[in-house]
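Let's take a walk through a protein structure together, one step at a time.

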There are 2 protein chains.
Amino acid sequence: MNKKAVVLLSGGLDSATCLAIAKNEGFECYALSFDYGQRHECELQAAEAVAAAMGVTDHIVIKMDLRKWGGSALTSDIAVPDAGSTAGIPVTYVPARNIIFLSFATGWAEVIGAKDIFIGVNSVDYSGYPDCRPRFIEAFQECATIGTKAGDEGWQFQIHAPLQTLNKSEIIRKGIQLGVDYGLTHSCYNPGACGLACGKCDSCHLRRKGFEDAGVPDPTKYQ
Amino acid sequence: MNKKAVVLLSGGLDSATCLAIAKNEGFECYALSFDYGQRHECELQAAEAVAAAMGVTDHIVIKMDLRKWGGSALTSDIAVPDAGSTAGIPVTYVPARNIIFLSFATGWAEVIGAKDIFIGVNSVDYSGYPDCRPRFIEAFQECATIGTKAGDEGWQFQIHAPLQTLNKSEIIRKGIQLGVDYGLTHSCYNPGACGLACGKCDSCHLRRKGFEDAGVPDPTKYQ
């Protein structure tokens, strides 16, 4: 029997690639997505399409409202800036988002008996988010192990971040090798009609450049 | 101006005492509760009553459905056992619950500019839950600091667990000193009509014994 893994799946390019890598490593995959009041909630339709295309064992969407406290352009009325227009931690950073996502993944993993969790963070083309740092992933792994049955039973959670050191074009090339259909994925932070990317936000910019650099046709539909 | 703190407030005896301690230490308190599909959701009414009685600055209830994966007597149809009837990690343990709760607290704290989070865990009369261990609290503090703006700005989140080394009667005596009205709190895992405790579960047992040992009248209404 294959080992089980919980894979965080936003519906974007990175997490779709991450899922493909987990499958390719022989894991039976349980995909986990979040409806957190994000501006670009149509990424959830993408997550469903990707999960179905890749044949996951189960796909759960957890609904919770991070708009209760806002604090991010993705969960409030703060505007999404154009790419490259701000310095430091960008306003699209959602406070503690990956900590929250990984915590839920840990809970589900404990219930289904999985010891492996996959997350598609990367620290090369990442957007300056503190919760994408390698040291954060290590710290979370330690915390999840101590705070669950794992600590009592003497094993460790493994938080896999296989994209950590890849740039966007390397991620795309990897995904193409593994048969990812990027036409199903959604990256834009500020879409108009669902499925139509703005082409101007940081996320669109990184995605478009990634396809160019990889020499792969960009399947994204822009407004 | 007072320093701000996010205080996890379940509506039980411990978290009410924890909130009183935070207030007594001069913090401006932001109470955070969770509607996670718990069997004893009437604890949320208790949380509201406690938050109002203690004059918190804000009280947010985050709704999310941990019944999506169950795995605990509190979030599935698994029966709540009578006190003392099981060994090891009890079936009322909700996988990764405190990791999830602390993650949300970290997110809210980051948005409102709080560097302090209070959680009412304790490792004396605790029920064998791995996410109540002191080492877990330390590991989470490290993880939250690295995974947020704190890490960039060079400060540390402080996760306060002021009940960590107290037993139930000491917690009650502390709360009585600070004016906590325990009649507003709810501890039972398996209540009948809201406000009526079963008197048989582990949580009821610890609570009743705590009042006896403290020599304080027990305000709990039993079925």
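In chain A of this predicted model, strand 2, helix 2 (residues 43–53) and strand 3 together make a right-handed β-α-β unit. The two strands of this unit, strand 2 (residues 28–35) and strand 3 (residues 58–63) of chain A, are parallel partners joined over 6 bridges. To find the pairing in your view, look for Phe34(A), which stands opposite Ile62(A) in strand 3 of chain A.

Now step to the other partner of strand 2. Strand 1 of chain A also pairs with strand 2 of chain A in the parallel sense, here over 5 bridges. One pair to look for is Val7(A), which stands opposite Ala31(A) in strand 2 of chain A. How does the chain get from strand 1 to strand 2 of chain A? The path goes through helix 1 (residues 13–24) of chain A, and this β-α-β crossover is right-handed.

Strand 1 of chain A has a further parallel partner, strand 4 (residues 116–118) of chain A, to which 3 bridges join it. Here Val6(A) has Ile117(A) in strand 4 of chain A as its bridge partner. Is strand 1 of chain A enclosed or open? Of the 5 residues in strand 1 (residues 4–8) of chain A, 4 are buried, so the rest of the structure largely encloses this strand.

Let's move to chain B and look at a whole sheet. In what order do the strands of the sheet in chain B lie? The sheet is open, has 5 strands in the order 3-2-1-4-5, and its pairing is parallel. At the edges stand strand 3 and strand 5 (158–160) of chain B, each with a single partner strand, so one side of each has no neighbour in the sheet. On average, neighbouring strands of this sheet are turned by 25° against each other, direction ignored.

Strand 1 of chain B pairs in the parallel sense with strand 2 (residues 28–35) of chain B over 5 bridges. Leu8(B) stands opposite Leu32(B) in strand 2 of chain B, and Ala5(B) stands opposite Cys29(B) in that strand. To reach strand 2 from strand 1, chain B passes through helix 1 (residues 13–24) of chain B in a right-handed β-α-β crossover. Strand 1 of chain B also runs parallel to strand 4 (residues 116–118) of chain B, and 3 bridges join them. Ala5(B) turns up again here, opposite Asp116(B) in strand 4 of chain B.

Next, let's see how the chains meet. How many residues of chain B are in contact with chain A? There are 38 residues of chain B in contact with 38 residues of chain A. On the side of chain B that touches chain A, the elements that give two or more residues are strand 3 (58–63), helix 3 (97–112), helix 4 (134–146) and helix 5 (149–153) of chain B. Helix 3 of chain B gives the largest share, 10 residues. By type, the residues on this side of chain B divide into 19 nonpolar, 9 polar and 10 charged.

How are the two copies related? Chain B is superposed on chain A by a rotation of 180° with 0.0 Å of shift along its axis (RMSD 0.0 Å). That is the relation of a two-fold axis. Met64(B) has the C-alpha nearest the axis in chain B, 2.6 Å from it. The same surface serves both copies, as 100% of the contact residues of chain B recur in chain A.

Let's finish with one residue of chain A. Where does Ala197(A) lie? Its place is in the loop between helix 6 (168–177) and helix 7 (202–214) of chain A. Because Ala197(A) has 23 C-beta neighbours inside 10 Å, it counts as buried. Leaving aside neighbours within four places in sequence, Ala197(A) is in contact with several residues, including Ser187(A), Pro191(A), Cys204(A) and Gln223(A). Although Ala197(A) and Gln223(A) are 26 residues apart along the chain, their C-alpha atoms are separated by 5.9 Å.

Conventions. Residues numbered from 1 in each chain as written. Chains lettered and ligands numbered in written order. Predicted model: local features only at pLDDT ≥ 70, side-chain atom pairs only at ≥ 80, totals over all residues. Pairing = 2+ DSSP bridges. Right-handed = clockwise from strand over helix to strand, strands pointing away. Contact = placed C-beta atoms within 7 Å. Nonpolar A, V, L, I, M, F, W, Y, C, P; charged D, E, K, R; others polar. Least-squares fit on C-alpha atoms with pLDDT ≥ 70 in both. Axes fitted to C-alpha atoms, helices over the stretch in contact; angles between N-to-C directions. Buried ≥ 20, exposed ≤ 12 C-beta atoms within 10 Å, placed from the backbone.
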